[in-house]
Amino acid sequence: MTLRFYGGPETLAEDLKAETERLESVFSVTRPDSDFARLNADGRIAPAPETRDLAEKALALARETDGALNIALYPLVKEWGFTTGQYQIPEPDRIRELLPLTDWHRITLSDSSLAIDPGMALDPGSLAKGYTADVLTARLKEAGVTCALLDLGGNIQAIGTRPDGTPWQVGIRDPEGEGHLGILSAADTAVVTSGGYERYFTGPDGQVYWHILDPLTGAPARSGLLSVTVVGPAGWRADGLSTALFVMGADKALTHWRETGGYELVLVTEDHEVIVTEGLADRFTLSEPDTYTLKVWKHD
Ligand code: AMP
Ligand code: MG
C-alpha cells in the first residue's frame, strides 16, 4: 500500500496508517477476531458500523449484478485454496455440495445484527479495499489535502490532481506481461482493476485457475476477459463492480454500463482487444499497440 499526498498536518500519515489497520482488523476474514471471522465462526454478530455499511453495499451490488458479486462465495474460495495458497481443483461433487451454501439471499442484515445460515461464510475481499480507500479519501479531504494518490494494492484513488494541476497518470497492468498496456489520466476518481493475473495457479492439467469465481459454476470465471478496470467516484463501488463485471463478461458489462452509467471502463479481452468506454477515449493512451487493439464503446 502506498499513500502519496501533499500537505496536511504532521500526524496525518500515521493517522491514515492506523485507520487502515483498524479497518483491516474489522474486515479481514483471516484475522480470528475480525467481524467477518467471528461471523463465519458464530453465524451471527453485532456488526461494527463499517461492517454493517459494507455488508449493505455488498448486498445492494449483489442485487444490481444479479449475484455476479457475491460475498457469500467464501466456502468455495477457501475450497480452491485462494485464501491459504494451498491451491487445488475441487471435485465437481464437492462444488455441487458447497454451492447451496453460497446463497447471498440468506444473509440477514438489520441495524443491530448480521447473520448467516449454518455452513455459510462471508468474504468482503472484493470490495473492502475500495471501501477503505473511500474512508482514507474522506480523512484526507477533512485534513485539507487537495492532491493525493492512494494505491491500495492495485486499487487506485486519485484525489484532485498532481500539485502542478495536471492529472495523475495511472498505468493499467498488462494482464499477460510485466508492465502496463496503457496509461489513464485521472483526477478525483477511483481506478480499480480486477484481473485473473492477480492470483492464480496452474493445475496439473496445464490450465490456469484464477481467484475470481463465477457464482453459478463455483469455478473460476471464464467470460472472455483478462481484466476489468472501473473508473468512478466511489472506491467501494468501483471495486465491487470490477469484480462483478469480470464475471459477467464484455456483453453484459456493456449493457450494465449503458443502463446504469456513472462509471467508465477499460476491458482487456482474451482476444487482445482493449475496450474503453466513451468517457475515457480522450484520457486513455495505449502503450502496447503491437499486442492490443483499441476499441471505443459508445452509449448508443
Ligand atoms: P477483486 O480482486 O476485488 O476482484 O476481488 C476478488 C476476491 O473476491 C477473490 O480473491 C475472492 O476472495 C473474492 N471473490 C471471488 N469471486 C467473487 C465473486 N464473484 N464475488 C465476490 N467476491 C468474489
Ligand atoms: Mg473488486
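## Polar contacts to ligand 1

In this predicted model, a nitrogen atom of ligand 1 lies 2.9 Å from a backbone N or O atom of Asn70. An oxygen atom of ligand 1 is 2.7 Å from a polar side-chain atom of Asp123, and an N or O atom in the side chain of Thr243 lies 2.7 Å from an oxygen atom of the ligand.

## The shell around the ligand

Ligand 1 sits in the largest pocket. It is surrounded by 17 residues, and the closest are Asn70, Asp123, Ser194, His211 and Thr243. By residue class, the shell contains eight nonpolar, five polar and four charged residues.

Which parts of the chain supply the shell? Domain 1 (9-125) and domain 2 (150-297) each provide at least three of its residues. Among the sources of shell residues, helix H7 (residues 235-248) has the largest share, with three residues.

Most residues other than glycine have a negative phi. Asp188 is not a glycine, yet its phi is positive, at about 50°. Asp188 is placed in the loop that runs between strand E8 (180-186) and strand E9 (189-195).

His272 also has a positive phi, near 65°, and is likewise a residue other than glycine. Its location is the loop between strand E15 (264-269) and strand E16 (273-277).

Technical notes: Residues are numbered from 1 along each chain as its sequence is written. Chains are lettered from A and ligands numbered from 1 in the order in which they are written. This is a predicted model: local features need pLDDT of at least 70, side-chain atom pairs count only at pLDDT 80 or more; totals for chains, interfaces and linings use all residues. Side-chain values use heavy atoms; hydrogens and water are left out. A residue is near a molecule or strand if one of its heavy atoms lies within 4 Å of it. A polar contact is a pair of N or O atoms within 3.5 Å; within protein, one must be able to donate a hydrogen and the other to accept it, and residues adjacent in sequence count only if both atoms are side-chain atoms. On a 1 Å grid over the protein atoms alone, a cavity is a set of points where a 1.4 Å probe fits but cannot get out, and a pocket is an open set with protein on both sides within 12 Å along at least five of seven lines; lining residues have an atom within 4 Å of a point. A molecule sits in a cavity or pocket if more than half of its atoms lie within 2 Å of its grid points. Helices (H or I, at least four residues) and strands (E, at least two) are DSSP runs, numbered from the N terminus. Ala, Val, Leu, Ile, Met, Phe, Trp, Tyr, Cys and Pro count as nonpolar, Asp, Glu, Lys and Arg as charged, and the others, Gly among them, as polar. Domain bounds come from an automatic or database domain assignment.
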